[in-house]
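Take a look at the chain below. The report then walks through it part by part, with short notes on the terms.

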Amino acid sequence: MKEILLRAPATVANVGPGFDIFALALKEPYDTFRIQLTDSNSIDIEIKGAKMDIPTTPTDNTGSLALLHLLEKLDIKSGIHIIIEKRMPIGSGLGSSGASASACVYGINKLLNLGLNANEIIDIARKGEVVSGGSPHADNVAGSLLGGFIYIKNYNPMEVEKIKIPSIPLVLNVIKKKERTTRGFIKGELSLSEVRDQSSGCSMVIHSLVQGDIEGFGRATTIDHISEPVRSNEIVGYWEIKKTILDAGAYGFNISGGGSTVFAICNKENQNEIASLLEKEFKKRGQTPHIITTETSNIGIGEI
Ligand code: HSE
């Protein structure tokens, strides 16, 4: 049987000001995907690992939905069996659905020698995201596919750039959001001063990464007038906790992708201290924190 075994990393999308255009790939957590070509005429999905509420109907799962688009676009008939070993939290803004979509398209591209390049894989994979986040955003799928830091230069046609980055320590508190997606609550308009801040935040993110300035990068990730004002409403004590964590020496703090996980950008020396403080701050507010200490990684989806 023709098969491929892949590893796909979690991602922090938006990274502060880069709504739908920035993502960072993490070393951990990650999911694994065994993708097999079969003689059947259908796509079927098996979930292993922690029992989670992951859809297995082909049109409801981001991975198989992306594959349905791929098969239709290239007029391919093939049976596909996908075994997903879930290690990353779902519904928490860590790009679990994007990782599935990217891994499935990447895997079938390899198994069937389709010759798709990274931009083409991303453009198809993002269509799978519609069933999860309600929109074909490409940040998570691109970050998981390529690793490192990615920015989307253009959605039409899809053009993504990767910046290789040094290992940046992060602390996460994984928070599952109550709704499937909170995108619908985001307001469609910004004031001129918000546009100015958001644009300078995006420029600072890219400039500081290119310069290797992790402190400057962290500072830039604290800016956001699009997602943070809305998604912070779901997080108990968000603004107070953000201030406490930044005052304690974290370089940056914001909400990961669609939320409600929060992330802090740290350095190696203060990472454990920030992790303890973040845990304490959420506990103090009656929450049960799920703290992960991790780091960024330049390794995207690949065979294991
Ligand atoms: N850019 C997307 C959003 C990421 O903010 O909805 C979802 O993880």
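Pro29 sits in strand E2. A cis peptide bond links Glu28 to Pro29, with omega about 0°. Helices (H or I, at least four residues) and strands (E, at least two) are DSSP runs, numbered from the N terminus. This is a predicted model: local features need pLDDT of at least 70, side-chain atom pairs count only at pLDDT 80 or more, and totals for chains, interfaces and linings use all residues. Residues are numbered from 1 along each chain as its sequence is written, and side-chain values use heavy atoms, with hydrogens and water left out.

Thr32 is also found in strand E2. Is Thr32 buried or exposed? Thr32 counts as buried because its relative accessible area is 9%. Buried means under 20% relative accessible area, exposed over 50%, and partly exposed in between (1.4 Å probe, protein chains only). Thr32 touches Leu6, Arg7, Ile83, Ile84, Glu85, Arg87 and Ile304, not counting residues up to four places away in sequence. Contact here means heavy atoms within 4.5 Å.

Strands pair through backbone hydrogen bonds, either parallel or antiparallel. Four strands form an open sheet here, in the order E8-E9-E7-E10, and the pairing is antiparallel. Its edge strands are E8 (252–255) and E10 (291–295), each pairing on one side only. From one strand to the next, the twist averages 20°. Two strands pair if DSSP finds at least two bridges between them. E8 and strand E9 (residues 262–265) run antiparallel and are joined by four bridges. Phe253 has Ala264 in E9 as its bridge partner.

Two helices meet these strands. Helix H9 (residues 238–247) lies across E8 and E9, and runs at about 155° to E8. Helix H10 (residues 271–284) packs on the sheet and touches strand E7 (169–173), E8, E9 and E10. The direction of H10 makes about 15° with that of E7. Axes are lines fitted to C-alpha atoms, for helices over the stretch in contact, and angles run from 0 to 180 degrees between N-to-C directions.

## Helix H1

Helix H1 (residues 62–73) has 12 residues. It reaches 16 Å from its first C-alpha to its last, close to the 16 Å expected at 1.5 Å a residue. The expected span is 1.5 Å times one less than the number of residues. Asn61 caps the N-terminal end of H1, with a side-chain oxygen 2.8 Å from the backbone nitrogen of Gly63. A polar contact is a pair of N or O atoms within 3.5 Å; within protein, one must be able to donate a hydrogen and the other to accept it, and residues adjacent in sequence count only if both atoms are side-chain atoms.

Which residues of H1 are buried? They are Thr62, Gly63, Ser64, Leu65, Ala66, Leu67, Leu70 and Leu71. These buried residues pack against strands E3 (43–49) and E4 (79–86), and against helices H2 (96–111), H3 (118–128) and H4 (130–133).

## Helix H5

Helix H5 (residues 139–146) is mostly covered, with seven of its eight residues buried. The buried ones are Asp139, Asn140, Val141, Ala142, Gly143, Ser144 and Leu145. They pack against several elements, including strand E1 (3–13), strand E2 (22–38) and strand E5 (149–155). Gly147 follows H5, and its phi is positive, near 75°.

## Around the ligand

Among the residues surrounding the ligand are Asp20, Asp139, Asn140, Arg183 and Arg231. A residue is near a molecule or strand if one of its heavy atoms lies within 4 Å of it. A nitrogen atom of the ligand is 2.5 Å from an N or O atom in the side chain of Asp20. For Arg183, a side-chain N or O atom is 2.8 Å from an oxygen atom of the ligand. For Arg231, a polar side-chain atom lies 2.7 Å from a ligand oxygen atom.

Val15 lies in the loop between E1 and E2. Its phi is positive, about 50°, although Val15 is not a glycine. Val15 counts as buried because its relative accessibility is 0%. Asp75, in the loop between H1 and E4, has a positive phi of about 50° and is not a glycine either. Asp75 counts as exposed, at 60% relative accessibility.
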